[in-house]
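Please work through the following exercises with the sequence and the structure at hand. Each task is followed by a solution in steps.

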Amino acid sequence: MNQRPQVEEIHAEAWELLPWLVTGRLAPDDHARVTRHVDECEECRREVDLQAAIRAGLEGDSRVEYAPQPSYQKLMARIEELERAAPEDDAPSAPAPSRRAPPARIPRWLTGILVTQGAMAAALVLLIGFQSFERFLAPSYQTLTSVEPSAAMRGNLRVVLAPDVTVREFSALLGSVGARVVAGPSDAGAWTLAIPYAVDSPRFEAALRQLKLDPRILFAEPVATAVATR
Amino acid sequence: MPAVSIFGRDQDHARARAASSGEREQQLLARVAERDTAAFQELYVLYHRRLARFLTRFVRRFDVAEEVINDTMWVVWRKAADFRGASRVSTWIMGIAYRRALKTLQRVTAVTSHENPTDTLPELTTNEPLRTNELREWLSVALERLPMEQRLVLELTYYLGHSCEEIATIMECPVNTVKTRMFHARKKLRVMLPQLAGRPPEVDP
C-alpha cells in the first residue's frame with residue numbers, strides 16, 4: 001500500500017505544531033505524536049532549532065524597561081475618583097431585600113419612561129447577561145428612597161455605559177457635562193452621577209440631552225427622588 | 001539519543017510553571033474581586049510588563065499601549081468577580097487587552113496597522129554568525145514586517161508562552177486560524193532571516 005500521503009499528512013500536522021513543542025505548551029497527546037515524528041524527521045528537527053532560536057530572540061528582548069508604578073498610580077486615582085463615596089453600590093453581594101423599595105412605589109411617570117425605553121432596556125439586559133430587568137431597575141430608586149445619603153453623596157442622574165467605553169472616555173464625558181461619580185457601578189452596571197444643576201433647570205436638561213445623544217451612553221435618566229422634587 | 005527528547009522535560013517544566021503562576025494569579029484575582037487593592041497592585045505590576053510588550057507590538061505606540069493597559073486593568077478591577085476560571089487568568093486578561101487594543105486602534109486613526117509586504121524588505125543578510133543582540137534586532141525588524149495577526153501569534157506563543165488553544169481564545173478565532181497565522185509567520189521569517197534557517201533565502205515567500 002502507498003503510505004506516502006499518510007506520512008506527508010503526519011509531517012504537515014507536526015510541522016504546524018512545532019512552535020508549541022518548543023515552548024512546551026502542547027497537549028499531552030499532541031506532544032507525544034509530534035515528538036515521535038520529529039525524532040524521525042530531519043527537516044522538522046532543523047525547524048525546531050530555528051524556532052528555538054526565534055523564541056530565544058523574542059524571549060530575551062528587553063530593550064525597553066517599563067515602570068509600572070506611575071501608570072498604576074494614575075489608574076488608581078481614576079478608579080478612586082469614579083468610585084468615590086460608593087460603598088453600598090460596590091458591595092459584591094446583592095442588596096438586602098429590606099433595602100429594596102417595593103415596585104408599587106415606582107412613580108407612574110417613571111413607569112411610562114421605562115416602558116418607552118423598553119427596547120433599550122432589553123438590549124441592556126442582554127448586555128448584562130444574567131441580570132434580570134427587575135434587578136436592573138432596582139438600583140434606579142432603591143438607594144435614594146431607602147437610604148438618605150449626605151448632600152455630598154447625592155446623585156441626580158444614572159447612566160449605563162457601553163461596554164467598550166474607556167476610563168479616559170468616561171472621565172472626558174463626565175468633564176464635558178460637569179458631572180462627577182457619586183456611586184457605581186451597581187450590580188447592573190449603572191453609575192450614579194451628580195450634575196451641579198437643579199434637575200428641572202435648562203442646564204441639567206442640556207447635560208442630560210448631551211449624554212443621551214452620546215453613543216457611549218446606553219442609558220441616562222434622572223434618579224427617582226431627584227426628579228420627584230420637581 | 002533523539003534530538004528532541006529535551007522537549008519532554010521542557011514540557012513538564014512549562015506545565016509546572018504555568019500551573020504555579022496560574023494558581024497565584026487566580027488567588028490574586030479572587031482578592032481583587034473583594035476590592036483588595038494590594039492584590040490589584042500585585043496583579044497590575046505582574047501584568048504591566050507583559051501587557052506593555054504585547055501591546056507595543058500591537059499598537060506600535062508606547063502612549064497608546066499605556067492607555068490600553070490601564071483600560072484593560074480597569075476592566076479587570078470591575079469584572080474580577082465575573083471570572084469563573086474557564087480559562088487561565090492570563091488568557092482572560094490578554095483577551096481583554098486584545099479586544100481593548102482593537103477598539104483603540106479603530107479610534108486612534110494616527111496608528112495604522114499598515115503592513116509592509118515582504119518584497120519591500122530591507123536586506124537583512126550578513127556574513128557574520130548571528131549574535132544574540134543581532135538576532136534580537138533582526139527579529140524586531142522582521143516582526144514589524146509581518147501582518148499584525150501573525151506578529152501577535154508569535155508574541156503570544158514565544159514571549160507570553162500561550163498554547164495554541166489559549167491564543168484562539170484570546171484572539172477569538174478558531175485554533176486552525178492560529179496555526180495558519182503561525183505557519184505564514186514562520187514562512188516569512190525564514191525568508192527574512194536566512195541565516196537562522198542555515199540556508200539561502202527562499203525566492204517565493
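The pLDDT is the predictor's confidence in each residue, from 0 to 100. This is a predicted model, in which local features need pLDDT of at least 70 and side-chain atom pairs count only at pLDDT 80 or more, while totals for chains, interfaces and linings use all residues. Residues are numbered from 1 along each chain as its sequence is written, chains are lettered from A and ligands numbered from 1 in the order in which they are written, and side-chain values use heavy atoms, with hydrogens and water left out.

**Exercise 1.** State the mean pLDDT of chain B and where in chain B confidence is lowest and highest.

Step 1. Chain B has a mean pLDDT of 80, and 72% of its residues reach 70 or more.
Step 2. Confidence in chain B is lowest in helix α9 (residues 194-197), with a mean of 60, and highest in helix α7 (residues 164-171), at 96. Helices are DSSP runs (H or I, at least four residues), numbered from the N terminus.

**Exercise 2.** Determine how α3(A) and α6(B) are oriented to each other.

Step 1. Helix α3 (residues 42-59) of chain A packs against helix α6 (residues 148-159) of chain B at an angle of about 85°, and their axes are 9 Å apart. Axes are lines fitted to C-alpha atoms over the stretch in contact, and angles run from 0 to 180 degrees between N-to-C directions.
Step 2. α3(A) and α6(B) are therefore roughly perpendicular to each other (65 to 115 degrees).

**Exercise 3.** Is A:Arg25 buried or exposed?

Step 1. A:Arg25 lies in the loop between α1 (4-23) and α2 (28-40) of chain A.
Step 2. A:Arg25 has a relative accessible area of 15% and is therefore buried (under 20%; exposed is over 50%).

Terms used:
Helices (H or I, at least four residues) and strands (E, at least two) are DSSP runs, numbered from the N terminus. Angles under 35 degrees count as roughly parallel, over 145 as roughly antiparallel, 65 to 115 as roughly perpendicular and the rest as oblique. Buried means under 20% relative accessible area, exposed over 50%, partly exposed in between (1.4 Å probe, protein chains only).
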